[in-house]
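Please keep the sequence and the structure in view while reading.

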Amino acid sequence: METATLKPLAATLPTPPSLNHRILTATAVPHFKQIHAQILRSGLDISAPFLSRLLALPLASSPSSLDYALSVLLHSPSPDFRLANRALRALSRAADPRRTLVAYGRLRRAGLALDRFSFPTVLRAVARARGVAGVVAREVHGLAAKTGLDTDPFVQTAVVGAYAALGRAAEARMVFDRMHHRDLVAWGVMLDGYCQSGCYNEALQLFDEMKSSGIVPDQVILATILSACARTRNLTSGGAVHSYIVESNLSIDAHLQSALISMYSNCGSMHTAQRLYDDMSPKNLVASTAMVFGYAKLGKIAVARSIFDQMTDKDLICWSAMISGYAESDQPNEALKLFNEMQLLGVKPDQITMLSVISSCANMGAIDQAKWVHIFVDKNGFHQILSIRNALIDMYSKCGSLADARTIFDETAYKDVITWTSMITGFAMHGNGRSALAVFDHMILEGVKPNGVTFISLLYACSHAGLVDEGRRIFESMIRDYRLEPKHEHFGCMVDLLGRARLLQEALEFIESMPFAPNVVVWGSLLGACRIHSDVNLGELVARRLLELDPNHDGAYVLLSNIYAKASRWEDVREVRNLMKNKGVIKEAGFSWIELNGHVHEFMMGDKSHPRSSEIYGKLDEVVKELELVGYAPDTATVLVDLQEEEKREAILLHSEKLALSLGLIDSKKGSSIHIAKNIRVCNDCHTFMKLASKVFEREIVLRDRTRFHHYKDGVCSCGDFW
């Protein structure tokens with residue numbers, strides 16, 4: 001601060017009229033500095049009018065001017081507390097609230113008394129400063145108590161606001177409860193404080209207390225409460241607030257109407273939200289974004305996109321809502337397209353946007369896209385954010401590059417439980433159970449406590465690596481050593497572990513010993529094992545149990561049909577499929593996709609829609625002939641429909657992953673790697689096909705199916721033929 005050249009303003013002669021005129025007509029700080037120099041030379045005391053006029057200038061945008069005004073105040077022979085309050089208010093309007101706190105400290109050391117108007121200004125700065133502001137808040141609160149102003153409603157409300165803004169909701173509530181006079185502003189500050197601190201249920205309870213005390217809420221408070229209802233998805237309370245507004249005949253402005261639309265959208269009540277939205281004219285950004293978010297959450301992406309496209313002005317929140325909607329609706333391509341469009345328009349993403357983009361890349365399994373996103377993250381300063389790093393580990397794992405995932409993991413200085421669990425999950429989905437267990441052991445040595453998700457990943461790793469004893473040990477340790485109650489997902493993983501190891505009877509007994517009723521996940525795990533090991537009798541029993549819980553579970557019908565087909569019980573197959581048809585149950589169609597040169601190509605079974613279809617099928621014929629020379633013969637037993645042998649052979653050669661591989665071989669060179677993803681489990685024939693192709697055509701083939709990764713190289717798969 002500029003204090004070196006300033007001297008106290010002395011009290012001597014009356015002020016000349018010309019000097020007064022110069023003070024009154026000065027319009028900039030440099031003018032005041034010239035006048036100040038003249039005052040110092042004359043020995044006059046005109047600090048009050050000088051400061052009063054100086055503080056009337058718009059000083060907030062100039063830190064040096066604020067410092068100058070404060071120095072003049074502190075070097076006045078008899079500083080006036082009213083001018084001190086004006087100086088504090090001027091400082092509080094600056095971008096950096098810490099200047100107000102520094103000024104407060106200097107005024108205290110100068111012995112200047114503070115009054116009931118000083119404290120709220122300082123406390124508002126405290127609320128904005130964060131950091132050490134909690135200590136300052138208590139100090140200011142203590143000073144108010146010493147001066148007897150802690151019972152002043154004006155000061156008390158400011159104290160409540162400061163504590164609440166700093167996340168100290170409990171301390172704010174203690175002060176609030178001691179207030180003898182609580183006006184509408186005080187209630188609003190406390191309610192807003194609860195919401196800002198994430199204490200939404202407490203806000204709803206306090207709102208009920210407010211109404212019981214006879215205070216009538218205004219539109220701002222009602223909007224705050226509706227926000228709390230939206231955050232907690234409390235449709236009952238939100239509907240009650242709406243009814244209160246209607247019954248009280250309160251006027252609904254655009255802000256309150258937007259709050260109502262946001263509440264109904266967040267609670268999934270889109271019919272009511274749409275009715276309110278239709279009545280709104282003009283439609284504002286907040287309401288439109290809420291509608292996009294609400295429809296996207298329900299999977300109604302087309303409706304969400306229609307509203308999004310009609311919006312003339314879009315902010316980052318709106319873009320993020322639409323991108324997130326695509327990501328969560330399993331449309332990663334659309335999410336990335338929209339993100340690129342957003343970039344072209346110059347809208348800069350935030351952490352939330354980037355998490356959706358990274359998630360989309362992970363779901364696509366497209367390694368080139370993943371690397372591009374990683375570069376974007378580094379260039380735009382997101383790489384130090386832990387949640388982003390955790391998401392990148394997951395993304396690379398799902399895109400088939402464990403090496404990149406491990407590099408990010410190793411370079412992450414501080415690792416939380418999500419970081420460790422993400423790496424464990426990565427190894428698990430690649431079938432590397434031993435490495436997953438090693439990471440877990442390291443995690444424990446580092447003193448990081450595992451959670452329920454960690455144990456799901458560990459059991460999954462054991463299941464896909466055939467580590468039965470280790471899986472049993474992990475399950476027991478979770479309960480005994482970490483006092484975690486296993487949930488359905490943990491039991492499902494254990495059943496899957498035992499089932500894959502052909503311990504079907506033990507798996508059934510394990511289910512029967514569960515402390516709560518098994519769900520479709522648990523029964524589904526055992527039914528999948530029955531399909532793998534062709535246990536028809538147990539499969540029928542398990543399918544019945546599963547369909548009792550969910551009569552429209554498509555997976556149960558498909559697995560049972562496959563079990564019958566493997567046993568050549570074609571009449572039973574037809575019966576199951578007729579049952580599916582009558583119930584309107586549709587089997588999920590299998591498809592594969594491959595990323596080449598930044599573009600993703602999708603294939604269905606027997607697909608001929610690709611523009612290079614003729615070339616792809618020509619390559620497929622060539623591949624089949626080459627593989628037959630080294631012993632490949634189509635495994636028609638994996639064709640689970642009743643066809644003639646030659647028809648089965650033709651059908652199995654048209655599987656979508658074989659088409660994707662053919663395109664990959666056309667557009668790649670020897671020694672390179674080909675990345676393919678498939679939405680359902682890879683069949684035995686395609687598994688053999690990929691192994692042989694990796695050797696004959698000298699490519700590393702990385703295939704991600706529904707449950708795990710397969711790395712084919714030199715005729716061998718990383719899964720050891722155990723999947």
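In this predicted model, K713 stands opposite V716 in β6. The two strands concerned, β5 and β6, run antiparallel and are joined by 2 bridges. They form a hairpin with 2 residues between them.

Strand β4 covers residues 700-704, and strand β5 covers residues 709-713. Their pairing is antiparallel and extends over 4 bridges.

| Residue | Stands opposite | Strand of the opposite residue |
|---|---|---|
| R704 | F709 | β5 |
| V702 | H711 | β5 |
| K713 | V716 | β6 |

Is β5 largely enclosed or largely open? A residue counts as buried when its relative accessible area is under 20%. In β5, 4 of the 5 residues are buried, so the strand is largely enclosed by the rest of the structure.

Strands of a sheet pair through backbone hydrogen bonds, and the pairing is either parallel or antiparallel. Here 6 strands form an open sheet with mixed pairing, in the order β2-β1-β3-β4-β5-β6. The edge strands, each pairing on one side only, are β2 (599-604) and β6 (716-717).

A helix is also placed against the sheet. Helix α37, made of residues 656-666, lies across β1 (591-596), β2, β3 (673-678) and β4. Its direction is at about 15° to β1.

Another part of the chain to look at is helix α9. It has 13 residues, numbered 153-165. From its first C-alpha to its last, α9 reaches 18 Å, close to the 18 Å expected at 1.5 Å a residue.

Which residues of α9 are buried? The buried residues are V155, Q156, T157, A158, V159, V160, A162, Y163 and A164.

Both ends of α9 have a local feature to find in the structure. At the start of the helix, a side-chain oxygen of D152 comes to within 2.7 Å of the backbone nitrogen of F154. Just after the helix, G167 takes a positive phi of about 80°.

Methods: Residues numbered from 1 in each chain as written. Predicted model: local features only at pLDDT ≥ 70, side-chain atom pairs only at ≥ 80, totals over all residues. Heavy atoms only, no water. Pairing = 2+ DSSP bridges. Contact = heavy atoms within 4.5 Å. Axes fitted to C-alpha atoms, helices over the stretch in contact; angles between N-to-C directions. Expected span 1.5 Å × (residues − 1). Buried < 20%, exposed > 50% of the residue type's maximum accessible area, 1.4 Å probe, protein only. Polar contact = N/O pair within 3.5 Å; in protein donor to acceptor, adjacent residues only side chain to side chain.
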